[in-house]
Structures are given as structure tokens and as C-alpha cells.
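Open the model in your viewer and keep the selection tool ready. We will go from one stop to the next, picking residues as we go.

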Amino acid sequence: MSHFKAPPKKNLGQHFLADRRYIDMIVLAVDPKPGDRLVEIGPGQGAITFPLLRRHGELTVIEFDRDLITPLMEASEGLGRLTVIHKDVLQVDFSKLAADDGQHAGRQIRLVGNLPYNISSPILFHALEHAAAVQDMHFMLQKEVVDRMAAGPGSKVFGRLSVMLQAYCTVTSLFDVPPGAFRPPPKVDSAVVRLVPLPADQVGITDPALFERVVRDAFGQRRKTLRNALQLVCSGADIEAAGLRPDARAEQLEVAEFKHLANHLAALPPAA
């Protein structure tokens, strides 16, 4: 790590993973295979980057911090082919990145990264927009966020993030990572999660924008019943016609029930 002179930048939420045991666990979880197109978000000082590069021989990284780019390139010499994209990850078109692979046009990418906790949710939703181009994702996030991502109905942390991600992906919480594994240590526990996008024919959502609105409004005020929470979207009779209880609360519904409700509403004739 002698190439990296600059200290972690607080304004970018930088906490660099330093514990070899957890680095090895992440690489083992990713388990790259020949022909995989690996793309790392936020390589930082290369804790995950270099082990993946040694094992796989090829890696694309997306790094916003200009001060890390030259050290990453220098430290990667002799390990494999490292391609650095200097850009805000939210401005990267993952679908175009997959399509622009000259050797294997249209090959899906595999995303991996220790995500900045201050923008983790926007990154997750950005990746969802390009789910067709993504084979899977292995991310390290704040444990509280991973708990919400993987939560089921009835849980206190089951909410909009849970439903939106599980509607499009299989979400699996893999293992926790303590603050002491980072430099500097964050004030929260972390966790590694695997997301595998569902095939398009298994998603089963007629109108994605309507589905997103139903989920957002349903959880907008958790204590409200569906009838009250969704009054700007549909009536209690519409909810009942979809086979659901208007007096139920959002956290009681299965992900499949949210899909069913949204699809039922999408099939209704336009209001006169």
C-alpha cells in the first residue's frame, strides 16, 4: 500500500477495508470464473481490487477520487489488466458498459464493491435500472441497510427498500464485518450482501413506475392502513378487488402481493 499517500477523505465517506480475513471472504463469495466481466465500484486503496485481479487477471473499476487513480494503476502492475473509469458511479451506464465489451459483446457484468454508505441506496437503485446487464452484485454496506434489504414481511425493518430490491433480485445477507476491519473504523457495523437479478420473465411487473409508486406510498406512513396510505393511487374497493385487505398495513404484505396489487391497478380502465 506504499503507493497510497493520501488519507481517507471524510467527505467521500471513505473507510478502507484492511482486514485480510474479510477481504478473503469477499473474494471467496464473488468466486470469479473464467470469462466473467468483473466491475468494482469504489476500489479505494485496492483491498478487494488486487486480490480479485491476481485471481481473475482482468478487472474494471469505477473510482470518483482522482487522487486514487494513479496509485491504483501503479500498484496493479504485474497483477493483471486493470481498467479505471474515473466517474461518479451514478453517471455510469452499466448497460452500455456491458455492451461495449469488445471481446464479448453483450456479456453481463458482475458488480462488486465496498459502497460509500452515504450514497448506498442511490447506487442500489441505479444498478436495478440496469438489471438486465448485471449477472450479480456483491456489496459491502452498512449492516442496518443490509438487514432492511433482506427483511421479510412482519419485520420492523421490512420496508420500501426490501420490497423494491426483492421484487427484482434474490437478496442474500452473507456475513457481518466489524468496524475494526476498516481504516479508519466506521461508527457502524457493516455486512456483505449478494443480489442476483431475476430473469425478466420472472419479475412479473406490468408497470414498473406504478409499482414503485404503490410501494413508496404504502410505506410513506407505516402506521396507516393500505386504504389510507394509497388513497391517491387507488380506492379501498380496488385493493379489495385485488384480493387484499384494505385495512392491512404495508409491512404485512408479501412482495408478490405488492406486485399483484400494482398489476391489478395497471389493468384497470382509465378513470373517466
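Strands here are DSSP runs of E at least two residues long, numbered from the N terminus. Keep in mind that this is a predicted model.

**Stop 1: a strand residue**

Select R37. It sits in strand β2, which spans residues 37–41. Is R37 buried or exposed? Its relative accessibility is 11%, and buried means under 20%, so R37 counts as buried. Now follow the side chain of R37. It reaches the backbone oxygen of L97, at 3.1 Å.

**Stop 2: helix α1**

Select residues 20–30, which form helix α1. Begin at its start. There, a side-chain oxygen of D19 comes to within 2.9 Å of the backbone nitrogen of R21.

Next, colour the buried residues of α1: Y22, I23, I26, V27, A29 and V30. Why do they lie on the same side of α1? Because they cover an arc of only 160 degrees around the axis. Turn to the face that points away from this buried side. The exposed residues R21 and L28 are there.

**Stop 3: where α1 meets α2**

The crossing of α1 past α2 is right-handed.

Which residues meet here? Show R20, I23, V27 and V30 from α1, then P51, L52 and R55 from α2.

**Stop 4: L53**

Stay in α2 and select L53. With a relative accessible area of 0%, L53 is buried. Skip its neighbours within four places in sequence, and look at what L53 contacts: E58, L59, S76, L79, G80, R81 and L82. Then find L38. L53 and L38 are 15 residues apart in sequence, and their C-alpha atoms are 9.4 Å apart in space.

**Stop 5: helix α3**

Finish with residues 66–75, helix α3. What caps its N-terminal end? D65 does: one of its side-chain oxygens lies 3.0 Å from the backbone nitrogen of D67.

Now select the buried residues of α3: L68, I69, P71, L72 and A75. Their cover includes β1 (16–17), α2, β3 (58–63) and β4 (81–86). Show those elements to see what lies over the buried residues of α3.

Note on methods. Residues are numbered from 1 along each chain as its sequence is written. This is a predicted model: local features need pLDDT of at least 70, side-chain atom pairs count only at pLDDT 80 or more; totals for chains, interfaces and linings use all residues. Side-chain values use heavy atoms; hydrogens and water are left out. Helices (H or I, at least four residues) and strands (E, at least two) are DSSP runs, numbered from the N terminus. Buried means under 20% relative accessible area, exposed over 50%, partly exposed in between (1.4 Å probe, protein chains only). A polar contact is a pair of N or O atoms within 3.5 Å; within protein, one must be able to donate a hydrogen and the other to accept it, and residues adjacent in sequence count only if both atoms are side-chain atoms. The arc is that of the directions from the helix axis to the C-beta atoms. A crossing is left-handed if the near helix is turned anticlockwise from the far one by less than a right angle, and right-handed if clockwise. Contact means heavy atoms within 4.5 Å.
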